[in-house]
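The structure is shown first.

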Amino acid sequence: MEKIKKLRQVFKKEKIDGYLISKNDRFFGEYIPDHNDRLKYISNFSGSYGYSIILKDKNYLFVDGRYTLQANKQSGKYYKVITFPNKMPKDILKNKKLVIGFDPRLFTRKIIDIFFKNKDLKFVPIKNNLIDKIWKRVIKKNKSKFYILPDNSVGEDYRSKVKKISSNLKKVGADYQFITACENNAWLLNIRGQDTEYSPIPNCFILIDNNENIKLFCDLKKISQSFKKKFNKIKFIEIKFIEKILSKIINKKFIIDKNSCSLYYEDIILDKNKILNYSDPIYFLKSIKNKKEIDNIKKAHLYDGAALTKYLFWLKKNFVKKKITEISASKKLYELRKKNKYFKFLSFPTISGSGPNGAIIHYKATKKTDRKLKKGDIYLVDSGGQYKFGTTDVTRTISLENSNKRIKNIFTRVLKGHIAVANFRLKNNTSGSKIDGVARKYLKQIGLDYAHGTGHGVGYYLNVHEGPHAISKNNKIRLQEGMVVSNEPGYYEKNNFGIRIENLIYVKREKKRKYFENLTMAPIDKDLIEQNFLNRKEKYWLNNYHRKVFNNLKKTMNKIEKLELKKACSAI
């Protein structure tokens, strides 16, 4: 591969044995512009998360379980694909005395330590990115402005949030917090931007002190005069001056975010200051949605549920009569979403996979892979929207007149896991790790499982994936009232089919009781359910859920769709 050869030619000059490449850019967001996707350029891997090490004689691509199949298909020819945490990069490179170069702006100390550091490897920061030396491309500057959320969409004024962060600094004996996660800055100031394709992110960094003074670093062309006037005690500074300003601070105590503060900035701070061992409190504060936010999220799910349900009816009715492919199907869903005036854009790239493509967990159809929807297949669609104001994420698996008994049995086991999560009795100390097992229970009875977590936190008109909470084997964050999380067990059989059922749910409290309430409003395909395998409690949940779906969506349907909705939501 020509690109790899060119990169290796630079090794000698830099006195390195290999080079480490990350998916993220310097803002550490989940979605990045194409011109910053250095990992895709060098490896052809298009997933949202991964790392690569190019050595003089071998290339490694490290991904998690969501992407193993995809990475092998896209990059397996030139790369040895390793799935972590089954195998860690640092273990693969054990007993090899190597000097590895990396761009310190694109890695945190935490990532280097957890994934890569061992006694045999020496990591050398190289300020000028080596991929940029060989990749000649036109970089289109994004000129879209930052904007302020209207009062009717936020439940807390930015001044109140700033006060909380400054008070926390005083409480822990810190002078400054350097906030590098752009979504946390968006939450803090109730602002949004258009710097990524699927999240309303404003690319910026914030330096806040314990007296509520703020320096916001960004591309100043994105800040209008009217925007500036809305904020007092905030200085807006061109992003290129961060290093200069940080290096002038002496003998102070800092809090940084170890998940998104690059090694480059951390070292500048550490040169003359102390970093305290505290995490950015905004992650936790942001995860708890207030009443106004929950009300708006519910509205977004009604709009989204109506579009998705109309789409599912259209699909079932037309896939035999018309030529519908994975790409044309996802375009149809996008068109239906766009009809709603509150819809802004998709919250992630739509996963539209039929038959064997459904087994690729984060599949994205291309012209090369685009399959026609065929009778006898099952079809998986995982999609979501950013609405004014709310973020959605939903997966439905649909029978295309499939009659396979084994598939129905597995689908029903996934559904039983989904219902077990939805019905889970929440206690004050319940975390996602305590729930994850019940989602897998019925699959494990027949020796099956899935290679992803059962649920992720979801932002409020922000990132579709956000922490710190999740429903996964190792997540110990206690689930609090107002937290939104996905409920998405599944099963994937290589070269055969994929199944996933995903709703968003949130933690609701009534009197002293906490429980999950569904946000997603779209029917679950009864054609794939082995009804006798559901117990009375599970049937009650499904019938009750479908009754709510019918009552919430019937106003949005025309006469024919209303009849279809009635049938799709009828009791079993």
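Leaving aside neighbours within four places in sequence, T430 is in contact (heavy atoms within 4.5 Å) with F424, R425, I435, I477, R478 and L479. The model is predicted, so local features need pLDDT of at least 70 and side-chain atom pairs count only at pLDDT 80 or more, whereas totals for chains, interfaces and linings use all residues. Residues are numbered from 1 along each chain as its sequence is written, and side-chain values use heavy atoms, with hydrogens and water left out.

**The loop between α15 and α16**

T430 belongs to the loop between α15 and α16; helices are DSSP runs of H or I with at least four residues, numbered from the N terminus. T430 counts as buried because its relative accessible area is 3%, the limit for that class being under 20% with a 1.4 Å probe and protein chains only. Its side chain reaches the backbone nitrogen of K427 at 2.7 Å.

F424 is located in the loop that runs between α15 (405-422) and α16 (432-444). Not counting residues up to four places away in sequence, F424 touches T430, K434, I435, V438 and F516.

**Cavities and pocket**

On a 1 Å grid over the protein atoms alone, a cavity is a set of points where a 1.4 Å probe fits but cannot get out; a pocket is an open set with protein on both sides within 12 Å along at least five of seven lines, and lining residues have an atom within 4 Å of a point. Grid points are joined across faces, edges and corners, and a volume is the space filled by probe spheres set on the points. The whole structure holds 3 cavities of 30 Å³ or more.

| Space | Volume | Lining by class |
|---|---|---|
| Largest cavity | about 110 Å³ | 5 nonpolar, 5 polar, 3 charged |
| Second largest cavity | about 70 Å³ | 4 nonpolar, 1 polar, 6 charged |
| Second largest pocket | about 1,200 Å³ | 8 nonpolar, 8 polar, 19 charged |

In these classes, Ala, Val, Leu, Ile, Met, Phe, Trp, Tyr, Cys and Pro are nonpolar, Asp, Glu, Lys and Arg are charged, and the others, Gly among them, are polar.

Of the 35 residues lining the second largest pocket, R26, F27, H35, N36 and I139 are the closest to its centre. The largest cavity has 13 lining residues, with G29, E30, Y31, T196 and I201 nearest its centre. Residues lining the second largest cavity include W187, R192, K286 and E293.

Notes. Helix = DSSP H or I, 4+ residues; strand = E, 2+ residues; numbered from the N terminus. Buried < 20%, exposed > 50% of the residue type's maximum accessible area, 1.4 Å probe, protein only. Polar contact = N/O pair within 3.5 Å; in protein donor to acceptor, adjacent residues only side chain to side chain.
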